[in-house]
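Keep the sequence open alongside.

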Amino acid sequence: MNTSPVFRSLAAACLLLTASFLTSGCAVVAVGAIVGAVAYLEGELKAEVNGGIHEVVAATKSAARDLRLKPYSQTGDENGATMMATRADGERVVIRLVPRHYGTTLVRIRAGSIGDEAYSRKVLRQIERYL
């Protein structure tokens, strides 16, 4: 196949840019951009936050205290943690933490039996204040 010198130069430049992107750490920056994304689906709020599992567990305990949640079950290890608590109105709140890559943790919050998005977001904001 006979290609023009301009086409070959453009192809070489694209290859060089791709290689420099993959080796310069920009790929880590691109992955880091995903952190902070929040989704509310089927009554559960999911958000990936900056912080290892131990740091996020401590932030969750502080947030629960601030929000006057009453924990009745707390379990956890290196693979994740769960806090089950009740609000002052008796509604149940479940917070699950799952360690992810690059020092981030997935936070999953369900408030109430069918989900309360506004309250779940309030819990998440309070956790983030301690991170």
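What follows moves from strand pairing to the core, and then to the charged residues.

This is a predicted model, in which local features need pLDDT of at least 70 and side-chain atom pairs count only at pLDDT 80 or more, while totals for chains, interfaces and linings use all residues. Residues are numbered from 1 along each chain as its sequence is written, and side-chain values use heavy atoms, with hydrogens and water left out.

Start with strand β2, residues 44-50. Helices (H or I, at least four residues) and strands (E, at least two) are DSSP runs, numbered from the N terminus. Two strands pair if DSSP finds at least two bridges between them. β2 runs antiparallel to strand β1 (residues 38-41), and four bridges join them. Tyr40 has Leu45 in β2 as its bridge partner. Two residues separate the strands of this hairpin, and Glu42 takes a positive phi near 50 degrees there. β2 also pairs with strand β6 (residues 104-111), again antiparallel, over six bridges. Here Ala47 is bridged to Val107 in β6.

β2 is mostly covered, with five of its seven residues buried. Buried means under 20% relative accessible area, exposed over 50%, and partly exposed in between (1.4 Å probe, protein chains only).

Now the core. A nonpolar core is a set of buried Ala, Val, Leu, Ile, Met, Phe, Trp, Tyr and Cys residues joined through side-chain atoms within 4.5 Å. The largest one has 23 residues, of which Ile95, Val107, Ile109 and Ile127 touch the most other members. β2, α3 (53-66), β4, β5, β6 and α4 (117-129) each give two or more residues to this core. The largest share, five residues, comes from α3. Leaving aside neighbours within four places in sequence, Val107 is in contact with residues including Val56, Ile95, Leu124 and Ile127. Contact means heavy atoms within 4.5 Å.

The side chain of Glu48 does make a polar contact of 2.7 Å with that of Thr104. A polar contact is a pair of N or O atoms within 3.5 Å; within protein, one must be able to donate a hydrogen and the other to accept it, and residues adjacent in sequence count only if both atoms are side-chain atoms.
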